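Subject: Handing over a structure, with notes

Dear colleague,

Please keep it open while you go through them.

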Amino acid sequence: MGRDPRSPGNPGNPGNPGKAPGGGRAAGRRPGPRAGLCAVLAATAALAGCGISDAGPRNAGAPAVGGLNREGSELVRVYFLTPDGPWPATRPAPPGAGPQQALDALLGGPTAQERARGLDTALPAGSRVGVQTSAGTVDLRLPWTVAELAGAAVSQLVCTAAAAPGIPGGKPPVDVVVRVHEAGFEGSPWEVGCDETGTVVPRGHAPSG
């Protein structure tokens, strides 16, 4: 039999740059979670190196985070995609908005104006992600497994959550830990974060179960 995909020496599956490994899974067993995360991180590495502002592409740098606009309503950053990398578009939100509002806006997809400017998404439409916050941490409860999503879609979710306002403690997005709970699995979640380029990166431990 081959090496256990959870073992620290397993290099994962970086050979599929477009999508994290998919396919079925044996009943009652997780399909190689460490290998799945390695493939997601390898896929999203191709998006690194191009930070994007509301005015257009620029050199890589820390994305802007949530804040108040002149009318006192909240601003949230919603990470969409361009051919050159992630684009954190600004969206207005009600006062007191946090990660749940940011994720809801993300899953609503780009507006017609944003699509006309070249923004796109790799996330399925019409879904909802459950969100909980604690000190420096956001828990995301997905209606999918990580293996069902493209690597770019995982970056969209994690970076939108990490950059949202209303997270107690830490400095979003780079100090925020995002814990990703997959549908159908009760084990420990993925612990990941968002780097300065808007790309998902590992934080903490790989999940078990």
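Setting aside its neighbours within four places in sequence, L157 is in contact (heavy atoms within 4.5 Å) with L103, L106, L123, V129, L140, L142, W144 and L149. Please bear in mind that this is a predicted model, in which local features need pLDDT of at least 70 and side-chain atom pairs count only at pLDDT 80 or more, while totals for chains, interfaces and linings use all residues. Residues are numbered from 1 along each chain as its sequence is written, and side-chain values use heavy atoms, with hydrogens and water left out.

L157 also belongs to the largest nonpolar core, which has 40 residues and in which L140, L157 and V178 have the most contacts. Such a core is a set of buried Ala, Val, Leu, Ile, Met, Phe, Trp, Tyr and Cys residues joined through side-chain atoms within 4.5 Å; buried means under 20% relative accessible area, exposed over 50%, and partly exposed in between, with a 1.4 Å probe and protein chains only. Among the elements that each supply at least two residues of this core are β4 (74-82), β5 (85-93), α2 (99-107) and β7 (137-141), and α4 gives the most, with 7 residues. The element names follow DSSP runs numbered from the N terminus, helices being H or I of at least four residues and strands E of at least two.

Strand β7 is mostly covered, since 4 of its 5 residues are buried. It is joined to β6 by 5 bridges, the two running antiparallel, and to β8 by 5 bridges, the two running parallel; strands are taken to pair if DSSP finds at least two bridges between them. V131 stands opposite L140 in β7, while the bridge partner of R141 in β8 is H181. β6 and β7 form a hairpin with 2 residues between them, and G136 in the turn has a positive phi of about 70°.

The structure holds 1 disulfide, a term used here for a pair of cysteine sulfur atoms within 2.5 Å. It joins C159 to C194, with 2.1 Å from S to S, and the link is right-handed, with 100° about the S-S bond. Because C159 lies in helix α4 (residues 151-162) and C194 in strand β9 (residues 190-194), the pair ties together parts that are 35 residues apart in sequence. C159 is buried at a relative accessible area of 0%, and C194 counts as buried at 2%.

There are also 4 salt bridges, each a side-chain nitrogen of Lys or Arg within 4 Å of a carboxyl oxygen of Asp or Glu. One of them is formed by the side chains of R91 and E114 (2.9 Å, N to O); this pair links distant parts of the chain, with R91 in strand β5 and E114 in helix α3 (residues 112-116), 23 residues apart, and both R91 and E114 are buried. Another brings together R179 and D139 (2.8 Å, N to O); R179 lies in strand β8 and D139 in strand β7, so the pair ties together parts that are 40 residues apart in sequence. Here R179 is partly exposed, with a relative accessible area of 28%, whereas D139 is buried, at 7%.

With best wishes
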